[in-house]
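Here is a short note for a first look. Please read the points with the structure open.

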Amino acid sequence: MTILETRPATSNAWMRCPGCGDMIYRKRYDRADRVCPECDSHGPLTADERIALLLDADSAEQIVTAPTIPDPLRFTDTRDYPARLADARRRTGMSDAARCVRGRMGGVPVVLVVLDFRFFGGSLGAAVGEAVTTAAETALADRAPLVIVSASGGARMQEGILALMQMAKTSHALQRLDEAGVLTVSVVTDPTYGGVAASFATSTDIIIAEPGARLGFAGPRVIAQTIGETLPEGFQTAEFLLAHGCIDLICHRNTLRDRLTRLVATTVREAAEDIAAQSNMSTTMGFCESSVNVSPDTSAQPGSSAEMPGEPRATIAVGMQAEPGSEVAAGFHDDVVVQPDSSGARDMVEQFGRLGEMPEDESADASRQPDPLVVTDPDSVAERDPWECVRAARELGRPTTLDYLAGAFDEFIELHGDRLAADCPALIAGLARLDGKPVVAIGTQKGHTAAELTRHNYGMPTPAGYRKAARLARLAAKLELPVVTLIDTAGAYPGVAAEENGQAVAIAESLKLFAGLDVPVVAVITGEGGSGGALALGVADRVLVCENAVYSVISPEGCASILWKDAAAAPRAARALRVDSGSLLRLGVADAVLLEPPGGAHRDPVAMIGRVRTAVTRMLSTLRALSPDELSEARYQRFRAFGRVSADGPDATTTTPDA
Ligand SMILES: [Zn+2]
């Protein structure tokens with residue numbers, strides 16, 4: 001007994017970490033917003049602490065919610081429900097388990113509703129349902145993003161079937177935000193289960209989870225008892241959910257506010273432009289260093305990061321050679337926010353001393369001088385052997401999608417998962433800004449090295465990849481943001497699992513989805529455009545093909561082995577298939593060819609990235625002037641024309657490319 005009394009655990013100044021069990025100094029723990037300095041586990045926060053953590057100082061303004069029936073069933077177990085409620089109110093100072101406020105994040109008005117686990121385990125009863133619904137209705141009236149922070153054991157048993165109905169009530173309110181094009185974001189904290197997990201915690205546009213946060217419909221104990229299954233390690237944790245495509249990203253508590261601020265800003269046009277101005281970006285080039293701001297959550301615990309399995313942590317991958325012997329930091333990292341004002345960008349400016357002149361001055365190169373960079377006349381594309389183009393398109397030093405996202409865009413926030421089963425590493429998608437304006441960016445990712453290629457499945461998307469792309473395309477439509485796709489893939493992944501999961505269906509759905517998208521879509525074939533797996537991202541208003549890129553119904557090797565019975569006949573097949581950019585322009589498949597630096601994009605990736613930026617920006621600015629109906633009809637006619645004999649001859653197309 002005396003031993004117990006003298007143990008430090010009983011001291012108020014010290015406490016035992018709920019995660020690792022180590023003794024930690026309480027003040028230090030509180031200062032770190034209840035994140036353990038030893039094991040990085042995220043402890044519980046009250047609703048008021050959450051509000052203070054996430055909103056701009058002094059911006060919170062309470063939203064009054066309507067009163068709800070206090071005890072609809074006159075429920076009694078060992079005590080009656082009103083007595084338990086009175087206890088919870090006394091302990092927490094809250095009237096129920098949710099707080100609902102208006103406020104600002106980085107100056108952007110938002111509506112925030114937060115669940116507090118201390119009050120009846122954050123359970124969903126009428127009062128919580130009312131708070132979430134009122135928050136959604138306020139967000140609708142204000143046209144302000146809605147942020148929901150959940151921590152809940154599920155529906156509140158004491159309110160019976162009326163608690164269950166709160167799931168439907170809140171979902172209706174969120175559905176109206178979908179119709180109105182208002183962004184919704186869920187922040188999942190530990191633990192989030194049952195009716196909350198199966199409604200507003202996961203039915204938002206974007207789902208962020210804190211490291212280690214558990215979310216599920218049925219709790220692990222229920223599963224073990226009913227089914228008797230052995231649960232895998234890390235079951236239902238944020239890391240498990242990310243790997244299974246259920247959430248967009250994992251965010252450490254100390255970067256959560258910054259991440260949310262960037263997300264809400266990306267979807268608010270004026271705010272995004274303000275932030276772009278604040279960040280002091282170079283408007284002439286906008287090249288930004290790639291792997292910046294890798295949040296500590298990706299380096300804290302093994303297996304707790306927002307990365308793909310096997311992804312090196314906090315690594316700036318380097319693969320592109322701008323000049324012989326000089327490396328350009330242009331690799332990328334999953335789940336990063338690219339900031340244009342990074343020190344890396346400044347280093348690059350010092351290193352190369354010419355970023356500000358890009359890309360127009362590129363044409364000063366003597367051999368290119370007479371040519372504009374974007375060519376719409378097929379005769380202006382230098383005659384090339386298509387097989388040479390195939391080889392150039394596969395050159396490992398060419399900028400990859402992540403390089404373009406890092407260099408050509410001002411900012412990119414990668415989102416993960418198909419919300420179904422998986423997160424495909426070959427397909428990268430997220431919210432970005434191009435020339436200060438928000439867009440959705442989607443692309444296939446290969447890599448510069450064997451390790452990168454393996455990590456990204458050689459750039460061959462699985463059905464989960466196409467479903468992630470489709471999810472982001474729908475988000476673009478909801479938020480009225482243009483879509484930019486970057487295509488460099490040998491094709492959709494040809495594997496047993498891919499077939500089992502409906503590869504053909506996923507591609508077919510993507511084609512139809514993009515056909516009906518009523519926002520501008522620009523596709524850039526940056527390397528290989530491999531068949532249906534490429535076309536799934538290629539149904540666009542404008543298709544831009546890089547000079548050395550290729551686009552083909554089948555790989556030349558595949559064609560050669562089928563028709564020539566000899567894969568070595570690939571060069572002949574490439575010529576016969578007319579896969580080169582000049583031919584694509586002539587056939588109307590490409591609207592324009594983007595000339596590459598002398599020797600190809602891999603000789604000067606920085607210049608190439610600048611050219612793509614300029615060309616896509618110009619195309620989007622033309623397309624933004626069109627109404628959704630005009631866009632839709634023009635896109636329909638663009639693809640309707642393929643293969644038809646027209647009065648202008650077989651090579652004519654209906655589109656008028658802009659350049
Ligand atoms: Zn700990």
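Is Cys-17 buried or exposed?

1. Cys-17 counts as buried, at 3% relative accessibility. Buried is under 20% relative accessible area, exposed over 50%, partly exposed in between (1.4 Å probe, protein chains only). The model is predicted: local features need pLDDT of at least 70, side-chain atom pairs count only at pLDDT 80 or more, and totals for chains, interfaces and linings use all residues. Numbering starts from 1 along each chain as its sequence is written, and side-chain values use heavy atoms, without hydrogens and water.

2. Cys-17 (SG), Cys-20 (SG), Cys-36 (SG) and Cys-39 (SG) are the protein donors of the zinc ion, lying 2.3 Å from it. Donors are N, O and S atoms within 2.8 Å of the metal (3.2 Å for Na, K and Ca); water is not among the atoms, so sites may look incomplete. The site is tetrahedral, with angles of 104 to 119° among its four donor atoms. For four donors, that label requires all angles between 85 and 135 degrees.

3. The donor spacing in sequence is C-x2-C-x15-C-x2-C. Cys-20 sits in the loop between strand 1 (14-16) and strand 2 (23-25), and Cys-39 in the loop between helix 2 (26-31) and helix 3, so this pair ties together parts 19 residues apart in sequence. Helices (H or I, at least four residues) and strands (E, at least two) are DSSP runs, numbered from the N terminus.

4. Cys-20 is partly exposed, at 33% relative accessibility. Cys-39 is buried, at 17%.

How values were computed: Tetrahedral: all angles 85-135°; square planar, octahedral: opposite > 155°, others 65-115°.
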